[in-house]
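Here's a quick briefing to read alongside the model. Have the chains open in your viewer and follow along topic by topic.

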Amino acid sequence: MSKSIWPKAPSGFVAAALSGHAALGLALGALLYIVCLSGTLAVFYNEIERWEDPSVPEMSAMTPEAAGRTAANALAMLEETPHHFGVRLPTPDMPRTVVFAEGRVLAADAEGVIVAEPRRAFETFLLNLHIYLHLPGVVGLTFVGFLGAHAGRPDHFRTAGASAIFRDAFTMRFGGSKRLGEADLHNRMSVWAAPFHLVIAVTGALIGLSSVLALFVAVLAYNGDVTKVFEPIFGPDQEMTDETPAPMADIPAAYTNLKSAHPEVHPYYVSMHDPATKAQTLSINALYPRRLAYSELYAFDVDGTLRGSQGMVDGPVGRQAFAASYTLHFGSFGGLPIRLAYGVLGVALCMVVATGLNIWFIKRRERGRPAPRLQRSWTAVVWGAPASLSLSLLAAGLGVSGAGLIAVFWASLALAIAWAVVAASNTLVSRALRLATGALIALALTHYAVRYGEFLMTDASIWTSLALLLAAIAFLVAPVRSLFVRRVAPSPAPAE
Amino acid sequence: MTDISSTILALVFMLAALVLLYRAWARRRSPRGRHIFMGWALLAASMPVWALAGGVDKGPATGIAVLSLAALAVVLAPAWARGVRRRRTLAAGGPSDDDGEPDPPRSGPSAIPWLRRTGVVLLAGPGAFLAAACLTLALFMLWPGVEADRLAFAAFFAPLAWGALACWAVCDPLMRRKAPGIFIIAIIGAAGVAVGLVAAQPEPNTAAGIVQGVEAGAG
C-alpha cells in the first residue's frame, strides 16, 4: 500500500476533531429544534398575548369614531410624535384594540379610552426566539433563515428516488425495535407532513434570508440603498419632511370610505407616519376573507379620501406571493382550526428533527461507535427546551422580561445540557426534564390562577389555561408512572 | 355550490384518495399501480375543489394542512394503539432504551475523513450559499418581469437553490464532482450578474442614453 504524502495527525486530535464535527451538527440540530419548537408555540401568539394579560378589555368590534379617539388619546399620552404609529383594531382572532408607537404598547377599551400597558413579556420573548434566536437583528434573522434553508433540503424529505419511502408510507412499527420505531416515525412524518414542512421551511427561509439578499440586490440595482429594495412589494417608507403640527388625519372618515368602497374587507390596522404633523400619512390594512395575503394596504389622504391600494391581493404575482408567505408561515389564514392544525404539524416537525438525530445515535451505537455523552446532551435539548420555556413562562409571570427572560431560557438550557453530560443515563435525563417541564407549567399556572383568579373563566384565559394544564399532565404522566411501575428483571435464557 | 358543500366534497376526495393509497400500499409486496394512480389523481383533483371552497390560494393551503393531518392520523392512530398493546405485553422485563454504554476510547481513523467532513461542511454552507446567491442574483438581473415579481422570485429561489446545492454537497460521495460543480454554478451565476449589470447600463449611442450620461456627469 502506498504511503500518504500528508503528515498523519495524532489519533487523539483526529478523534477530537470528529467529535467536534458531531457536536457542531448536534448544535445546528439543536438550534433547528428550538426554532421549530418555538415556532409551534408562536403559532398561538394571539392566544398567548390574550392569556398573558387577561385584564385587557376585549371587544368584538370598534366603531370608526372610537378608532379615531383611540389614536388621539394614545398620541396625547406620548412625549414625542412617533415616526411609526399604529392602531390594531379588534378581529375575531384578537378581540382587542392595541396601539403600537415606537416600542410602546397601549391597550384601549371599546370607547377608545387608553386603559393599560398590557403585559406581553413571554409573547415577545417567544417571537424573538423563533424569529431571531435572540441574536441581534439581521444576524439572527439570517441565521434562522439559514436553518430554514437547510431544513428544506431535498435530502431531508428523502423524496428523490426513494420509492420505499412511499411504498412504506402507511407502515408504522411502534413497540418493537427502538430503531425501527424511530425510523418509521421519522419517515412517515417526513412523508406525510412534507408539504407542510416544505412550506414552513421555504417561507421561513424567505423571511429570514430576505434581509441578506436585499443587501446584494441593493448593491446591484439600487446604488446600495437597501430601503429601496422592498419598495416594489411594500411601498416606500415615509420620511419625516415637515414636523409642523397639524390636525390628525381623519381616521373615522377613512374607515367609513374604505368600508363603503370595499364592503367585503375587514379593516384591522390603522397605520400612520408622523401623526398630527404636516408630514403625516394614513393607511389602513384590511383582511380579505378568502385570500392568503396577510392584508391589503389602502392609502388615504389626511381627510380620509381613499387614494388607492398597494396591490397585495390583486397586484403582481410576486407581491401577492410575498404577502401570502407570512400567513402561510405563521398559520394565520384560517382561524383557530388552522392554527391547531399547524400546532399538531409543528409538533410533528419537532419529532422529525428529534427522531432524525436519535436514529443517528442508534446507528452510531450499532456500528460500535456510541456517543453517550452527546446523546444525553441531545436528549437534554429535546426535553430541556420545553423545560426552559416553561421556566421562562413562570419567570415572565413573576415579572421578569426582556434580557432577563432571555438569560433564564438559555442559562437553564445550558445547565440542563451540562447536567446531562455527567448524568447516569439517558433515561434519567429524559424523565427528569419531562418531570421538570410538567412541574414548571403547573407552577406557572398556579401562580397565574392566584394573580388573575377573577379573569380565569374569561375567553382570554380559560382555553389557554386548560391547554397548559393538559400539557402539564402530558409531560408528567410518563415519568410519574415510571416511578411506580416495578421493572421485572428479564428471565435468564435457557441453557443450551 | 356553497363553501360548505365544496369543503365537504374536497374532504370526500381527499379521504377517498387516502383510503386508495392506504389500500394500495398496505399490500407492500405487490402494491396496485392503478390504486396509487387514482389516489394521487384524487388528491390533485381535490385542490381545485379546495380553491372553490376557501379561495384561490387560501383553499389549497387549507387542503394541504388537512391532508397532512388526516394522513398522520391514519398512520399514527392504529400504530400507536398497537405499540401501546405491545409495550404492555412486554411490560416489565423488556429491554431498556437506556444507553448504559461507556464512552468509546478516544482513538480515531486517519485525518482524511476529518478533512473531508470539513470540506463538505464548507461546501454545503458558505460554498453552496455563494453559488445560490450568484445564481439568484443573475436570475434577478436577467428576468424580464416587473420588479415585484423578480424580487419575489429571487426571495423564493434563493433558499431552494441553497438547499438543493447543500443537498448535493452532502449526498454526493465524489468530492471531485461536487466541488467543481458547485464552483461552476457560482461562476455561471457571477457571469449572469455581470451580463445583467452591462445590460442595465444606459446605451451611449441613443439620445436617451446620452442625456442620461450627461445628467449623471453633471450630478
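## Briefing

B:Leu160 reaches across to the other chain: leaving aside residues up to four places away in sequence, B:Leu160 touches A:Gly152 and A:Val202. Keep in mind that this is a predicted model.

**B:Leu160 and its setting**

- B:Leu160 sits in helix H5 of chain B, which covers residues 147-171.
- B:Leu160 counts as buried because it has 20 C-beta neighbours inside 10 Å, and 20 is the number at which a residue qualifies as buried.
- B:Leu160 and B:Gly63 are 97 residues apart in sequence, and their C-alpha atoms are 23 Å apart in space.

**The two chains in numbers**

- Chain A has 496 residues, and 46% of them count as buried.
- Take the contacts in chain A with a separation of 6 or more: 68% of these link residues 24 or more positions apart.
- Chain B has 219 residues, of which 34% count as buried.
- For chain B, residues 24 or more positions apart make up 62% of the contacts with a separation of 6 or more.
- Read from the N terminus, the elements of chain B go α-α-α-α-α-α-α.

**The nonpolar core**

- The largest nonpolar core takes in 185 residues, and A:Tyr33, B:Ala128, B:Ala132 and B:Leu165 have the most contacts inside it.
- Which residues does B:Ala128 touch, not counting residues up to four places away in sequence? They are B:Leu123, B:Trp162, B:Leu165, B:Ala166, B:Ala169 and B:Ile182.
- As background, nonpolar side chains in soluble globular proteins tend to be buried together.

- H15(A) runs over residues 403-422, and its 20 residues reach 29 Å from first C-alpha to last, close to the expected 28 Å.
- The buried residues in H15(A) are A:Leu405, A:Val408, A:Phe409, A:Ser412, A:Leu413, A:Ala416 and A:Ala420.
- Turned away from the buried side of H15(A) is a face with the exposed residues A:Ala403, A:Ala411, A:Ala418 and A:Val422.
- The cover over the buried residues of H15(A) includes chain A helices H4 (121-132), H14 (372-397) and H16 (426-451).

**Helix H16 against helix H17 in chain A**

- The axes of H16(A) and H17(A), the latter spanning residues 459-484, come within 8 Å and cross at roughly 145°.
- The crossing of H16(A) past H17(A) is left-handed.
- On the H16(A) side, the contact residues include A:Arg431, A:Arg434, A:Leu435, A:Ile441 and A:Tyr448.
- H17(A) contributes residues including A:Leu468, A:Leu469, A:Phe475, A:Leu476 and A:Pro479.

**Helix H5 of chain A**

- H5(A), residues 137-151, has 15 residues that should span 21 Å at 1.5 Å a residue, and its end C-alpha atoms are 21 Å apart, which agrees.
- Buried residues in H5(A) include A:Leu141, A:Val144, A:Phe146, A:Leu147 and A:His150.

**Loops worth a look in chain A**

- A:Asp274 lies in the loop between strand S5 (266-273) and strand S6 (281-287), and its phi is near 45°, a positive value in a residue other than glycine.
- A:Asp274 is buried, with 21 other C-beta atoms within 10 Å.
- A:Ala276 is also in the loop between S5 and S6, and has a positive phi of about 60° although it is not a glycine.
- Buried, exposed or partly exposed: what is A:Ala276? A:Ala276 is partly exposed, with 18 other C-beta atoms within 10 Å.
- A:Gly224 belongs to the loop between helix H9 (194-221) and helix H10 (231-234), and counts as exposed because it has 10 C-beta neighbours inside 10 Å.
- A:Gly224 touches A:Ala218 and A:Val219, not counting residues up to four places away in sequence.
- The C-alpha atoms of A:Gly224 and A:Glu366 are separated by 54 Å, with the two residues 142 apart along the chain.

Note on methods: Residues are numbered from 1 along each chain as its sequence is written. Chains are lettered from A and ligands numbered from 1 in the order in which they are written. This is a predicted model: local features need pLDDT of at least 70, side-chain atom pairs count only at pLDDT 80 or more; totals for chains, interfaces and linings use all residues. Helices (H or I, at least four residues) and strands (E, at least two) are DSSP runs, numbered from the N terminus. The expected span of a helix is 1.5 Å times one less than its number of residues. A residue is buried if 20 or more other C-beta atoms lie within 10 Å of its own, exposed if 12 or fewer, and partly exposed in between; C-beta atoms are placed from the backbone. Two residues are in contact if their C-beta atoms, placed from the backbone, lie within 7 Å. A nonpolar core is a set of buried Ala, Val, Leu, Ile, Met, Phe, Trp, Tyr and Cys residues joined through C-beta atoms within 7 Å. Axes are lines fitted to C-alpha atoms, for helices over the stretch in contact, and angles run from 0 to 180 degrees between N-to-C directions. A crossing is left-handed if the near helix is turned anticlockwise from the far one by less than a right angle, and right-handed if clockwise.
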